[in-house]
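Hello,

Here is the structure I promised to hand over. My notes on it follow below.

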Amino acid sequence: MTNALHTPGVDGLREVVDVLREWQYEGAPMQLHPGDLGWFWRFGAEATAAAVRTWSRGGRILAAGLLDGPELLRLTIAPDVQQDEELARQLVEDVTDPERGVLPEGKVNIEAPMDARVQDLLSEDGWRTDEPWIPLRRDLTEPVEDPGVRIEAIGPERAHARAAVHRASFDSVSFTDERWHAMAAGSPYADARCLVAHDVRGHSVAAVTVWSAGPGKPGLLEPMGVHPEHRGHGYGKAITLAAAAALRELGSSSALVCTPVSYAGAVATYRSAGFRQRPEVRDRYREA
């Protein structure tokens, strides 16, 4: 039976989000999370649908990918078929051939679960490993300590506050109020929260968005940032603690985040908030 490659329309996005939720479990390798689609949704439902690829067999989705930019495919696979040889070979064929409409010619990257069979086949095909990323995890069995600053849960009327902190934190103009509203309209945001931390003068100093995958499943921080004028005062730790607490309230079993190993400050911030490092993960890349 063939593994059909498909680009879902807007009407098919909910099914993709649902299967991504199903595939999250404690102990799973770092992988594409429904929150990753939720964060991408800031570009709108149509753009999100156009960036998604699925592989199905017998009407069941077995693998899903997000084109997070033109040169990066973030791919994950159903837990029970990560060693499926037929599926792995189909995935490699589809991502290697530009005519399949998954990845273009030139230098491209693929993120996939580290233990999946597709990793071996990409290596055999000449794909190299890129710079490492560090996943970090905090268990949410016990209550989270108080962050020590005022935390505001952001609703539609305060979208501008969340967007402004993000733009300052990442030196980017792309996250507008309109994009916050587009993100909040997506189905993954039903299980998400945006939080902003304030200093004693009421300034917005840090922000985060958290994404639940459902009760008893790992939740995700994506993204977290501290305003550059307020760094070095512990606000990164504070907003990260608030994020963990929010995920616990949403029923998440743990909180996950992933950051490049070169971002030593970010790693230190997450560790200070009770996150523990997990084994490094690496993308695969193909030279131009």
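**Helix packing, pocket and backbone**

The crossing of α8 and α9 is right-handed. A crossing is right-handed if the near helix is turned clockwise from the far one by less than a right angle, and left-handed if anticlockwise. Helices (H or I, at least four residues) and strands (E, at least two) are DSSP runs, numbered from the N terminus.

Two points on the source. This is a predicted model: local features need pLDDT of at least 70, side-chain atom pairs count only at pLDDT 80 or more, and totals for chains, interfaces and linings use all residues. Residues are numbered from 1 along each chain as its sequence is written, and side-chain values use heavy atoms, with hydrogens and water left out.

Back to the first pair. Helix α8 covers residues 235-249 and helix α9 covers residues 264-272. They pack at about 55 degrees, with their axes 8 Å apart. Axes are lines fitted to C-alpha atoms, for helices over the stretch in contact, and angles run from 0 to 180 degrees between N-to-C directions. α8 and α9 are therefore oblique to each other. The cut-offs: under 35 degrees is roughly parallel, over 145 roughly antiparallel, 65 to 115 roughly perpendicular, and the rest oblique. G236, K237 and T240 of α8 meet T269, Y270 and S272 of α9. Contact means heavy atoms within 4.5 Å. By class, this contact of α8 with α9 has one nonpolar, four polar and one charged residues. Ala, Val, Leu, Ile, Met, Phe, Trp, Tyr, Cys and Pro count as nonpolar, Asp, Glu, Lys and Arg as charged, and the others, Gly among them, as polar.

Next, α4 (residues 85-96) and α5 (residues 117-124). Their axes come within 9 Å and cross at roughly 45 degrees. α4 and α5 are therefore oblique to each other. The crossing is right-handed. E85, A88, R89, L91, V92 and V95 of α4 touch R117, V118, L121 and L122 of α5. The contact of α4 with α5 divides into seven nonpolar, no polar and three charged residues.

Then α6 (159-169) and α7 (177-184). Their axes come within 8 Å and cross at roughly 110 degrees. α6 and α7 are therefore roughly perpendicular to each other. D171 sits in the loop between α6 and α7. D171 is not a glycine, yet has a positive phi of about 50 degrees.

Now the largest pocket. About 1200 Å³ of space lies in it. A pocket is an open set of points on a 1 Å grid over the protein atoms alone, where a 1.4 Å probe fits, with protein on both sides within 12 Å along at least five of seven lines; lining residues have an atom within 4 Å of a point. The volume is the space filled by probe spheres set on the points, which are joined across faces, edges and corners. Of the 47 lining residues, W133, E222, C258, T259 and P260 are the closest to the centre. The lining has 23 nonpolar, 13 polar and eleven charged residues. Strand β10 (residues 218-226) gives the most to this lining, with seven residues.

β10 also holds P223. The peptide bond from E222 to P223 is cis, with omega near -5 degrees.

Best wishes
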